[in-house]
Amino acid sequence: MSAEGSGELAGSTAALRALFDHHVHSDRSDGTVSLEGRARSVAIRPHGVSDHYPWRDKLRNEDDVLRYLDEASRLGLRVGIEYDLGVAPPLTARTREALHYVIGAVHQVELDGKWVGFDDAGAFVKGRTKMFAEAERFADRVLQAKIRERMLEVVAQGIARDRIDILGHPTFSALQAVGDPEIVYPEEWQERLIALCVAGGVAIEVNESYGVPHREFLVRAARAGAAFSVGSDTHFELRPLARTEAMIAAADLERSRFLGGARLSRA
Ligand SMILES: [Zn+2]
Ligand SMILES: [Zn+2]
């Protein structure tokens, strides 16, 4: 009885633990808040910083990344990067190990030698634009299939070669902007993406800004034994994780399966 009671207590303490937000931008890439500002808001709720790499003149190479890591850690922050899958140069083991975690994320894919960008789709998904001008183009089934296959390829590469720890906004692409995720992302494709993450020890991000992945994906991932990670993906002031909490509740995800500011240990 007493053992059972303490077990319940441990469970309820874990349930109350604040979720750690791994995905936060600063003015070291395209965010609006300084590292000092980010260090202050850790008092509101636990979070790290994870700026885009590479990023224009700010995070051009790994020397820049190591400087960023040094400056942000001195301020007491946990530090990651949002590694641009399919675009960023290979990440050396030294830099990867020095960072507290690496988020890999797809923002565009190269198909037949041409880049297909997701920025306009992202602005639409985030509600910054009312229309998605390219909706018709991305409704094409052949193009959709090519995008999905390329996404799997760059994620697989990010896991095997660059050893990412978290897959950021896993089902965000231009396809998210054109329809029901259960249609644009067939179940079989979702299972393949989840299997890559589970086998690679990569956590699946619940992304507040894009509202992805959808409930069925999260349920499938939990069933497959995946770990999860919270990412507000904020570029502005820190806001409550209202959507994330709703997504976690809807998919009934266990809080003990969420990362807490550090990567999963791997054998
Ligand atoms: Zn991103
Ligand atoms: Zn981001």
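Visitor: Leaving aside neighbours within four places in sequence, which residues is D165 in contact with?
Guide: In this predicted model, D165 touches R96, Y101, V102, G201, V202, A203, R263 and R266.

Visitor: Where does D165 sit, then?
Guide: You'll find D165 in the loop between α7 (141-160) and β6 (166-167).

Visitor: Buried or exposed?
Guide: D165 counts as buried, because its relative accessibility is 2%, and the cut-off for buried is under 20%.

Visitor: What does the side chain of D165 reach at 2.7 Å?
Guide: That would be the backbone nitrogen of V102. The D165 side chain also meets that of R263 in a salt bridge, 3.0 Å from N to O. R263 lies in the segment after α11 (242-251), so this pair ties together parts that are 98 residues apart in sequence. Salt bridges with shared partners join R96, E97, R163, D165 and R263 into one network.

Visitor: How many salt bridges does a search of the whole structure find?
Guide: The count is 18. Among them is R45 with D21, at 3.0 Å from N to O, and both of these residues are buried.

Visitor: Switching to strands: how do β7 and β8 pair?
Guide: Strands β7 (residues 203-207) and β8 pair in the parallel sense, over 4 bridges. V206 has V230 in β8 as its bridge partner.

Key. Residues are numbered from 1 along each chain as its sequence is written. Chains are lettered from A and ligands numbered from 1 in the order in which they are written. This is a predicted model: local features need pLDDT of at least 70, side-chain atom pairs count only at pLDDT 80 or more; totals for chains, interfaces and linings use all residues. Side-chain values use heavy atoms; hydrogens and water are left out. Two strands pair if DSSP finds at least two bridges between them. Helices (H or I, at least four residues) and strands (E, at least two) are DSSP runs, numbered from the N terminus. Buried means under 20% relative accessible area, exposed over 50%, partly exposed in between (1.4 Å probe, protein chains only). A polar contact is a pair of N or O atoms within 3.5 Å; within protein, one must be able to donate a hydrogen and the other to accept it, and residues adjacent in sequence count only if both atoms are side-chain atoms. Contact means heavy atoms within 4.5 Å. A salt bridge is a side-chain nitrogen of Lys or Arg within 4 Å of a carboxyl oxygen of Asp or Glu.
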